[in-house]
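Have the viewer open while you read.

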Amino acid sequence: MLRVTTIVRRIWVPLLLIVASFAMSWTVTANHSDAMSPVDEWVYVDYLEKVPEQGIVHQGEEIGEEALDRMACDGVKPYGPMGAPCGGDYDQVENFPFAGITSADAYTPIYFAVTRVVGDAIHTVTGIDQLDGWRLTGSLWLAGTMILFYWLFRLWSVPKLTTLALGLAVVGSPFAWWTFTYVSTDAPSMAVSILMLVAAMKLVRGQWSGWWLVVFSALAVLIKITNILGVCLAALYLLITWITEWKRTNWTGIRTRRPDFVEKSSWALPGFGIAALLGAGIVEGLWLVIRSLQSTGDVAEQGVSIPLTKIELISQVANFLPGTLTSNVNISGSTSFAYAIPSFIVAPLSWICIAGVIGAFWSARKNDAQSSMVVSVALASFFFAPMLALVLYIATGSYFPLPPRYGASILAGILLLAGISIRNRWATWIILGYSVVLIGIVMATAPTYAP
C-alpha cells in the first residue's frame with residue numbers, strides 16, 4: 001500500500017493531465033459532425049486516404065474522389081458543402097476550393113502514415129467512423145504532449161501544482177480544440193519542440209550528447225516545416241548560454257562556473273546549435289528535391305497572399321505571444337470565429353502567456369541559471385513571427401498573415417517562463433481554478449460549439 005501511495009504521489013500530475021486530455025479531446029471529437037475543420041483538414045483527409053497506395057501526395061495533384069465527395073456532401077465548418085452537388089458529377093474539380101488541387105503536398109508522409117495506422121486501429125477496435133478514428137489520434141498527441149510538458153517543467157524545478165495549472169490551461173485552450181480534436185499537422189509540434197528544449201538543456205548540463213538535438217531537429221522539420229522555429233529556439237538557448245558562460249569564465253578571468261553547467265568543449269554548445277539548424281535544413285532540402293521530382297503540376301492557389309509591408313511585418317511582433325494559445329479561426333467576411341466560445345472566456349490564456357514572458361524577463365538576474373532560457377524565449381516570442389514572415393517572403397516571393405498557431409513550436413517555452421516566474425500559491429490556485437472551469441465550459445458546450 002505504501003508503495004502504491006508513493007507511486008501515486010509521484011505521477012498524480014501527469015496522470016491528471018492525461019485524464020483531462022482524453023476527456024476534453026474525446027468529448028469534443030464525439031460532438032464534431034462530418035464537416036471538416038477550416039484548418040486544412042480537407043486536404044489532410046485526402047492525404048490520409050491516399051497514403052496507403054501512393055505514400056505521398058504530389059505537387060499539383062488533384063484531390064481524390066473520396067475527399068471531393070466529403071467536400072460536396074459534408075463541407076467545411078462553418079461554411080457548409082462546396083463544389084458540386086452531393087453525389088453528383090465531380091469531374092469539374094475547378095469548382096472546388098483551391099480548384100480541386102491539393103495544398104498538402106508540402107508535407108512528408110510521416111504524420112499522415114502514423115495517423116492512418118493508429119486511426120485505422122481505433123476505427124477497427126471501436127467500430128467508430130474512420131474519420132473519427134483519425135481525429136481521435138489527436139487525443140494521443142495531446143496526452144503525449146502533456147507527459148513531455150510535465151517532464152520539461154520538472155527539469156526546471158517548476159512546482160507540480162503550477163505545472164498542473166498551466167498544463168490544464170493548454171488542454172482547455174482554443175489551440176488544443178483545433179489541434180487535437182481534428183486531423184491537424186500541428187498536433188506533433190508542441191511535443192517535438194519540448195524534446196528539442198529538453199535535449200538542449202541536457203546538453204548544457206552534460207547529461208546528453210548534442211546529437212540528440214540534431215536528430216530531434218531533423219524529425220521536427222520533416223513533420224512540419226514551421227517546427228524550424230523550435231529548432232531556432234533550442235539553438236538560440238545554446239548560443240546565449242555559451243556567450244554567458246564564456247563572458248563569465250574568460251572575459252572576466254574568473255574560472256568558476258555554475259554547478260548546472262558542464263563545459264564539455266568551449267565550442268560544443270554553439271556547435272551543436274549550428275549542427276541542429278544545418279541538419280534540419282539538409283533534410284528539408286532533400287524533401288524539397290523529392291517533392292520537386294515527384295511534381296505533377298503547379299502548387300495550389302489558396303488566394304491568401306497579401307503585400308508584406310513594414311507595418312504588416314512589425315505587427316507580427318504581437319502575434320505568437322498573445323495569440324498561440326488562443327488561436328481561433330476567423331469566419332471569412334465577418335468578425336466571428338469558427339469556434340464560437342466567447343472571447344472573454346479564453347482571454348486570460350493570453351494574459352498568462354504575456355505576464356509569464358515579460359515577468360520572467362524583467363525579474364531575470366544576470367547570473368541566474370534560468371536567465372539564458374528566459375532571454376531566448378523572450379526573443380523568440382516577439383521576433384520569431386516577423387522572422388518567419390520575412391523568410392517565407394524571401395523564399396517564395398509572397399506573404400500571408402501568419403496564423404498564431406504557427407507559434408506552437410515555442411509555446412512550451414512561453415509557458416515554461418510563466419511557470420518559473422510564478423512566486424506565490426495564490427497565483428497558482430487562481431490559474432488552476434480558471435483552467436478547471438475552462439475545461440468544464442469546453443466540455444459542457446461541446447454539443448453547441450463542436451458540430
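Ring pairs tie Tyr-44, Tyr-47, Tyr-107, Tyr-111 and Phe-112 together into a cluster. Rings of Phe, Tyr and Trp (its six-membered ring) pair if their centres lie within 6.5 Å; planes under 30 degrees apart make a pair stacked, over 60 edge-to-face, and the rest are tilted. This is a predicted model, where local features need pLDDT of at least 70 and side-chain atom pairs count only at pLDDT 80 or more, while totals for chains, interfaces and linings use all residues. Residues are numbered from 1 along each chain as its sequence is written, and side-chain values use heavy atoms, with hydrogens and water left out.

**Aromatic pairs**

- The structure holds 24 aromatic pairs.
- Take Trp-42 and Phe-96: their ring centres sit 6.5 Å apart with the planes at 25°, so this pair counts as stacked.
- That pair links distant parts of the chain, with Trp-42 in helix α2 (residues 41–54) and Phe-96 in the loop between α3 and α4 (110–126), 54 residues apart. Helices here are DSSP runs (H or I, at least four residues), numbered from the N terminus.
- Trp-42 and Phe-96 are both buried, meaning under 20% relative accessible area; exposed is over 50%, and partly exposed is in between (1.4 Å probe, protein chains only).
- Tyr-339 and Tyr-449 make an edge-to-face pair, 6.2 Å centre to centre with 80° between the planes.
- This one also links distant parts of the chain: Tyr-339 is in the loop between α13 (320–323) and α14 (343–363), Tyr-449 is in helix α18 (residues 446–449), and they are 110 residues apart.
- Tyr-339 has a relative accessible area of 1%, so it is buried; Tyr-449 counts as buried because its relative accessibility is 18%.

**Negative patch**

- On the surface, Glu-53, Glu-65, Glu-66, Asp-69, Asp-89 and Asp-91 gather in a patch of negative charge.
- Patch members have over 30% relative accessible area and no salt bridge, and like charges are joined within 9 Å. A salt bridge is a side-chain nitrogen of Lys or Arg within 4 Å of a carboxyl oxygen of Asp or Glu.
- Helix α3 (residues 65–73) gives the largest share of the patch, three residues.
- Asp-69 lies in helix α3, and its 31% relative accessibility is why it counts as partly exposed.

**Gly-419**

- Gly-419 is part of helix α16 (residues 408–421), and it counts as buried because its relative accessibility is 2%.

Definitions and conventions
Patch = residues over 30% accessible without salt bridge, like charges linked within 9 Å, V, L, I, M, F, W, Y side chains within 5 Å. Areas by Shrake-Rupley, 256 points an atom, 1.4 Å probe, with all protein chains shown as cover. Lys, Arg positive; Asp, Glu negative; His and termini not counted. Charge placed at Lys NZ, Arg CZ, Asp CG, Glu CD. Helix = DSSP H or I, 4+ residues; strand = E, 2+ residues; numbered from the N terminus.
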